[in-house]
Structures are given as C-alpha cells and as structure tokens.
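Hi,

Here is the structure I said I would pass on.

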Amino acid sequence: MDSHVDKAARVPRSVSIFSPILKFLLAAGVPLGFNRLVTIRGRKSGLPRTAAIAVLEASGRRWVWAPWGEVHWVRNLRAAGTATIKMRGRNEEVRATELDPTERVAFFRDTLGPFARSIRFGVRFIRIVDGVDLNDPVEAAEGRVVFELHPFA
C-alpha cells in the first residue's frame, strides 16, 4: 500500500494570506496556540524553508498533519526526514515518520478526534478551518498526510 497521498493540495486562499502573518507573529515570540515555526530543508534547493504548522502534542507524542494534502512542506519533510521546531526562542531537532493509511485513520480516530473534543469548539474549528469531519476518521484520513515527530536521542 502506498503511503503517499494522492489528493491534490488545495490550500484555501485565506490560509495563503494569513500564513505570512502567522509566521511573523511566531517569529516575534507571540504564542499562537499549537502553531510552531517548523524549518525543513527544501527537497530541491536544499535551503531551509520555514512554515507555521500546528504541532499536536498528546500523551507524550507529537504529530503534524496537512489538512490540504501534498503541500510543499509535506514533500520537503518527506524528503528530508528531519525538521527543526522553534518555540519561544528554543530550537529542537526532530525526526519525522510518515503514517501509513491505517495509522492515519487511527490518528484521526484515537488522537486528533479526542484531542479536539477536549477543547471548546475544537471539532467545529477543525471542520470549518481545515474542512475535516472528525466524526468520520476514515474520510478524515483520506487525502491527508500525518507525520509523527520524534526527538533525536
């Protein structure tokens, strides 16, 4: 079974507009929920590329997921296998493991779903902003990429 997702990336225009603002605020040290600056080596240029990405932390584990599929940071992380997470002036190097289709369903069912339900308006926020229905983890996993992040030991 192919672990790569076939769904084309269709990032909403509002995200493309808001992303540079989010990056600026995070770089300035403004805490913005689960969002972090994540730097990944470019798959073609080899240059560092930084994106504002939500990092989910639950039960001592961390994940990043791409609601819109095969966006640039996903392809870069897949190629590089490593990233640097910056939060409040502290950098951490991590190794990324891409979840296969079965693991993605389990992530939406057992991790993201319960996590979002524990936050007021969490499920609604993910449905509106990311276009994901967490009540159907099989559908939620379809066309989306999830990586688990591991610290370097």
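This is a predicted model: local features need pLDDT of at least 70, side-chain atom pairs count only at pLDDT 80 or more; totals for chains, interfaces and linings use all residues.

Residues are numbered from 1 along each chain as its sequence is written, and side-chain values use heavy atoms, with hydrogens and water left out.

**Layout**

The chain has five helices and seven strands. These are DSSP runs numbered from the N terminus, with helices (H or I) of at least four residues and strands (E) of at least two. Reading from the N terminus, the order is α-β-β-β-β-α-β-β-α-α-α-β. Of the 153 residues, 43% are buried. For burial I used relative accessible area with a 1.4 Å probe and protein chains only: buried is under 20%, exposed is over 50%, and partly exposed is in between.

Strands count as paired if DSSP finds at least two bridges between them. S7 runs antiparallel to S4, with five bridges joining the two, and S6 (residues 90-98) also pairs with S7 in the antiparallel sense, over five bridges. If you want to find these pairings on screen, Val 64 has Phe 147 of S7 as its bridge partner, and Thr 97 sits opposite Glu 148 in S7.

**The core**

Phe 147 turns up again in the largest nonpolar core, where Val 64, Trp 73, Leu 77 and Phe 147 have the most contacts among its 20 residues. By "nonpolar core" I mean a set of buried Ala, Val, Leu, Ile, Met, Phe, Trp, Tyr and Cys residues joined through side-chain atoms within 4.5 Å. Two or more residues each come from S1, S2, S4, H2, S5 (82-87), S6 and S7. H2 gives the most, with four residues. As background, nonpolar side chains in soluble globular proteins tend to be buried together.

**Aromatic rings**

Rings of Phe, Tyr and Trp (its six-membered ring) pair if their centres lie within 6.5 Å; planes under 30 degrees apart are stacked, over 60 edge-to-face, and the rest tilted. That rule gives five aromatic pairs. One of them is Phe 34 with Phe 115, which is edge-to-face at 5.2 Å centre to centre and 70° between the planes. Phe 34 lies in the loop between H1 and S1 (35-41) and Phe 115 in helix H3, so this pair ties together parts that are 81 residues apart in sequence. Phe 34 is partly exposed at 40% relative accessibility, whereas Phe 115 is buried at 18%.

The rings of Trp 73 and Phe 147 have their centres 6.4 Å apart and their planes at 50°, so that pair is tilted.

**The largest pocket**

A pocket here is an open set of points on a 1 Å grid over the protein atoms alone, where a 1.4 Å probe fits, with protein on both sides within 12 Å along at least five of seven lines; lining residues have an atom within 4 Å of a point. The largest pocket is lined by 37 residues, and Asn 35, Ala 52, Ala 54, Trp 68 and Asp 130 lie nearest its centre. H1 gives the most to the lining, with seven residues.

**Single residues to look at**

Ser 59 is not a glycine, yet has a positive phi of about 55°. This serine is in the loop between S3 (56-58) and S4 and is exposed at 77% relative accessibility. Phe 121 also has a positive phi, about 65°, without being a glycine. You will find Phe 121 in the loop between H3 and H4, partly exposed at 47%.

Last one: Arg 43, in the loop between S1 and S2, is partly exposed at 32%.

Cheers
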